[in-house]
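Subject: Structure for your reading

Dear colleague,

Please find below the sequence and structure that I am handing over to you.

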Amino acid sequence: MSQTELEDVGIPVIDISNPSADVAQQVLHAASTHGFLFIKNDGVTIPPQDIDDMFDLSQQFFQSPKEQKSEYAIHSDKAGGKNRGWVTMQGEALDPDGQKQGDPKEAFNIAPPPPNGSLQPLPTPLSSQTPLISRFQTSCHTLCTRILTLLGTALAIPDPTYFTTRHDQSLGTSGSIFRLLYYPKTHSPSPSSTSPQNETQIRAGAHSDYGSLTLLFRLPGQPGLELLSPAPSTSHSPSSSSSSSSSPTTSSRSWTPVPVNSSPSTLAHPPILVNIGDILSFWTCGLLKSTLHRVTFSGGSERYSIAYFCHPLDDARLEAVPGRRVAAYGETGLGREEMGRQRGNVGLGINGEGEGDRKRDGEGDGEAKVLTAGEHLGRRLKVTYGLDD
Ligand SMILES: O=C(O)CCC(=O)C(=O)O
Ligand SMILES: [Fe+2]
């Protein structure tokens with residue numbers, strides 16, 4: 001099937017301005033089927049003007065001289081330490097098993113503003129816009145907190161603050177990260193390209209996100225995001241081997257584009273795309289889906305996106321959340337398989353894949369042990385960036 005023939009998967013756009021029990025169930029349904037949902041932009045929580053301004057700022061930053069950006073290289077002291085700063089082209093591989101080279105993209109990672117503190121050191125022009133950047137991050141976190149509350153309600157977790165206290169940034173440090181992404185126009189998938197014609201050109205390798213929730217902002221006219229549609233019945237599709245997660249082998253799973261604005265005629269502003277990350281999948285024994293996704297060339301012109309990766313506090317334990325919904329799911333065949341993998345510290349909810357996840361998680365043959373969110377993130381970053389111990 002060619003790119004243009006692919007239908008979109010019908011990810012729902014949910015209006016959460018009235019957070020009723022029904023809305024909570026809608027969010028849970030999308031999170032436990034697609035692992036992706038759109039939230040209608042209410043125009044207030046994350047003002048569309050701020051989104052436009054962030055994209056303008058991001059463009060200015062990525063067009064600035066390479067020497068200026070590289071002074072704030074990822075993990076460097078100047079950039080404020082681990083997982084902060086500028087990622088150069090091919091500096092990160094989201095699918096190390098499936099890609100020969102790193103992703104052809106640049107990124108800049110910014111940690112949350114510390115309570116009563118200032119942002120990490122930033123290069124120009126980012127340094128001149130710290131109020132916008134801080135406000136944007138805080139707004140993203142507010143939206144994540146609302147979605148987490150709805151999920152907690154729908155999952156019937158006895159403590160209604162179970163998720164939100166574990167994401168309360170005033171109580172400790174977390175791996176949450178705000179990320180500007182730039183995919184330059186490098187080469188297009190033309191017949192003259194060195195790659196075989198039928199090989200999909202990848203801008204961000206197939207991966208699931210590491211945290212609890214991701215908010216993603218994209219621009220109209222810049223497609224490329226695709227998700228791997230879930231397996232219908234068994235959790236062991238397409239493969240439980242260590243082969244690349246980027247090549248689905250069964251007709252039941254296919255790469256499907258995720259539109260930027262699924263209803264342009266009725267929605268003035270693109271809705272905000274939300275996807276479930278590994279940690280929420282882990283916490284719910286796989287009931288919530290941390291769906292594999294990737295970015296392909298789709299035309300090859302330059303592309304910008306902005307992501308807010310929401311993570312729990314570093315010391316949050318990744319064990320099944322209390323409540324009848326998750327307990328009931330844990331009793332099903334799929335839930336038991338997922339729990340079995342988790343007890344072996346294997347896959348973190350990457351829709352049924354086994355060995356590959358273990359590699360991505362930076363863990364060989366782990367012992368039964370409850371990981372914390374901080375430990376889990378450390379393992380994933382090690383693999384993604386090819387870091388030493
Ligand atoms: O750029 C995009 O649209 C998605 C990027 C992504 O999935 C990620 O960075 O985790
Ligand atoms: Fe992602």
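This is a predicted model: local features need pLDDT of at least 70, side-chain atom pairs count only at pLDDT 80 or more; totals for chains, interfaces and linings use all residues.

The chain as a whole

The chain has 389 residues, and 43% of them are buried. Its secondary structure consists of ten helices and twelve strands. If one takes the contacts between residues at least 6 apart in sequence, 75% of them join residues at least 24 apart.

The nonpolar core

In soluble globular proteins, nonpolar side chains tend to be buried together. In this model, the largest nonpolar core contains 85 residues. The residues with the most contacts inside this core are V27, L37, I147, L151, L213, L215 and I272. Helix α4, residues 130-154, gives the most to the core, with ten residues.

L213 belongs to strand β7, which covers residues 213-218. Is L213 buried or exposed? L213 counts as buried because 28 C-beta neighbours lie inside 10 Å, and 20 or more are needed for that label. Leaving aside residues up to four places away in sequence, L213 touches C144, I147, L148, V274, I276, G277, L280 and C310. By contrast, S20 is 193 residues from L213 in sequence and 20 Å from it in space, C-alpha to C-alpha.

Two helices that meet α4

Helix α1, residues 21-33, has an axis that comes within 8 Å of the axis of α4, and the two cross at roughly 95 degrees. The helix α1 is therefore roughly perpendicular to α4. On the α1 side, the contact is formed by A21, V23, A24, Q25, V27, L28 and A31, which meet I147, L150, L151, T153 and A154 in α4. Of the residues in this contact, ten are nonpolar, two are polar and none is charged.

Helix α2, residues 48-62, also meets α4: their axes come within 11 Å and cross at roughly 125 degrees. For this reason α2 is described as oblique to α4. The crossing of α2 past α4 is left-handed. Here D50, D53, M54 and L57 of α2 meet L132, R135 and F136 of α4. Which kinds of residue make up the contact of α2 with α4? Four are nonpolar, none is polar and three are charged.

P47 is in the loop between β2 (36-39) and α2. P47 counts as partly exposed because it has 16 C-beta neighbours inside 10 Å. P47 and F136 are 89 residues apart along the chain, while their C-alpha atoms are separated by 8.8 Å.

Details of the backbone

- The peptide bond from T124 to P125 is cis, with omega near 0 degrees. P125 is found in the loop between β4 (106-110) and α4.
- N116 is also in the loop between β4 and α4. Its phi is near 60 degrees, a positive value in a residue other than glycine. With 6 C-beta neighbours inside 10 Å, N116 counts as exposed.
- N83 lies in the loop between α3 (66-70) and β3 (85-87). The phi of N83 is likewise positive, near 60 degrees, and N83 is not a glycine. N83 counts as buried because it has 21 C-beta neighbours inside 10 Å.

Yours sincerely,
A colleague

Note on methods:
Residues are numbered from 1 along each chain as its sequence is written. Chains are lettered from A and ligands numbered from 1 in the order in which they are written. A nonpolar core is a set of buried Ala, Val, Leu, Ile, Met, Phe, Trp, Tyr and Cys residues joined through C-beta atoms within 7 Å. A residue is buried if 20 or more other C-beta atoms lie within 10 Å of its own, exposed if 12 or fewer, and partly exposed in between; C-beta atoms are placed from the backbone. Helices (H or I, at least four residues) and strands (E, at least two) are DSSP runs, numbered from the N terminus. Two residues are in contact if their C-beta atoms, placed from the backbone, lie within 7 Å. Axes are lines fitted to C-alpha atoms, for helices over the stretch in contact, and angles run from 0 to 180 degrees between N-to-C directions. Angles under 35 degrees count as roughly parallel, over 145 as roughly antiparallel, 65 to 115 as roughly perpendicular and the rest as oblique. A crossing is left-handed if the near helix is turned anticlockwise from the far one by less than a right angle, and right-handed if clockwise. Ala, Val, Leu, Ile, Met, Phe, Trp, Tyr, Cys and Pro count as nonpolar, Asp, Glu, Lys and Arg as charged, and the others, Gly among them, as polar.
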